[in-house]
Amino acid sequence: MADAKVLPGKPVARALLEVTLERAERFTQKKKRLPKLAVLTSEDPSALSYLKSIRSTASKAGVALDEFPMKTSATTSSVVNGISQLNRANDVDGILIQTPVPENIDFRALAKALNPDKDVDGITPTQAGILFHGVKGAFAPSTARACIEILDYYKIALQGAEVVVLGRSIIVGRPVALLALSRNATVTWCHTKTAALPTVCRRAEILIAAVGKPNLVNVSFVRAGATVIDVGINVDENGKLTGDVDVPSISNIAAAYTPVPGGVGPVTVSCLFANVLDAAEGLKAE
Ligand code: NAD
């Protein structure tokens, strides 16, 4: 097989952002205010880098941004109180709680405190439940939605396809598998305890790697002609960003793959703002 095709995220992100901006302009005209996203920010380096992209994308999406730092000295109850205020604020349409939260804070308590109608990253039990039910109108976590947007943009069909998802976190692995299932893919989930991992991954026509282990996915994981979506973000000893996929190893066998950086990352930010507009427009589950 010839060299695999690269599937850059930028055109996907741009197309999504264009639509989001139009929706934001219509919203602003009607409501006489900008749609607004409130972010509870984490001090973790990966969260800070995501925050930088959120800041630079907000104005391009026509969305106002309010930031509330979660200091390491914060307590679960102080953050829950802050969330309750944002839940009641009429000018706040979406709330994002960045992870990882400080160690002494109970993330699940925060997720439960969040108003599901403002849960633009799909972490509340209500939104996760809507996704589980497979009905339209759930706020899927932005990264999970981004994987599906990329496949749609590049016209890689999910229906009937063998999809293998590596990873089972609540913000990526689980929701992306459920989204693929709701699009009629045949889905397999893999994780740290999966036996014969490469063999299972080789079933995939679409392999989605969301692990956080550089170069884990090599030629032995990839079926000839597969599409590989690399969600992983890893920083090597030289500060260079890499994904979970060993690109030189897979590029003669895969049909296509998303690069890191420049693949899933930019699309994730665009999906976040698309979710904010869904919330501002009052999206409800069917
Ligand atoms: P996580 O640590 O919560 O979950 C990792 C998952 O991978 C777990 O379910 C675990 O079972 C599985 N796993 C770990 N090691 C494994 C192994 N050797 N074999 C098989 N499975 C294994 O991480 P997460 O929050 O889901 O993020 C995953 C990766 O995606 C990270 O690198 C993260 O930085 C990246 N990420 C990227 C974006 C983006 O926009 N591109 C957004 C969120 C997360």
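The model is predicted, so local features need pLDDT of at least 70 and side-chain atom pairs count only at pLDDT 80 or more, while totals for chains, interfaces and linings use all residues. Residues are numbered from 1 along each chain as its sequence is written, and side-chain values use heavy atoms, with hydrogens and water left out.

**Exercise 1.** Find where Ala111 lies and which residues Ala111 touches.

*Solution.* 
- Start with the element: Ala111 belongs to helix 4, residues 107-113. Helices (H or I, at least four residues) and strands (E, at least two) are DSSP runs, numbered from the N terminus.
- Next, look for contacts, meaning heavy atoms within 4.5 Å. Leaving out residues up to four places away in sequence, Ala111 touches Ile123, Thr124 and Pro125.
- Then check burial. Buried means under 20% relative accessible area, exposed over 50%, and partly exposed in between (1.4 Å probe, protein chains only). Ala111 has 5% relative accessibility and therefore counts as buried.

**Exercise 2.** Explore the largest nonpolar core and name the element that gives the largest share.

*Solution.* 
- Recall the term: a nonpolar core is a set of buried Ala, Val, Leu, Ile, Met, Phe, Trp, Tyr and Cys residues joined through side-chain atoms within 4.5 Å.
- The largest such core has 36 residues, and those touching the most other members are Leu158, Val163, Ile206, Ile208, Ile229 and Val231.
- Helix 6 supplies the largest share of this core, 6 residues.
- Zoom in on Ile208: its partners beyond four places in sequence include Cys147, Val176 and Ile229.
- Finally, a second, separate core of 20 residues includes Leu17, Ala58, Val63 and Leu96.

**Exercise 3.** Trace the salt bridge between Asp278 and Arg23.

*Solution.* 
- A salt bridge is a side-chain nitrogen of Lys or Arg within 4 Å of a carboxyl oxygen of Asp or Glu. The whole structure holds 9 of them.
- In this pair, the N to O distance is 2.6 Å.
- The partners come from distant parts of the chain, with Asp278 in helix 10 and Arg23 in helix 1, 255 residues apart.
- Both ends are buried: Asp278 has a relative accessible area of 14%, and Arg23 has 13%.

**Exercise 4.** Decide whether Arg33 and Asp93, which form a salt bridge, are buried or partly exposed.

*Solution.* 
- The closest N and O atoms of Arg33 and Asp93 are 3.0 Å apart.
- Arg33 sits in the loop between helix 1 and strand 2, and Asp93 in the loop between helix 3 and strand 4, so the pair ties together parts 60 residues apart in sequence.
- Arg33, at 22%, is partly exposed, whereas Asp93, at 7%, is buried.
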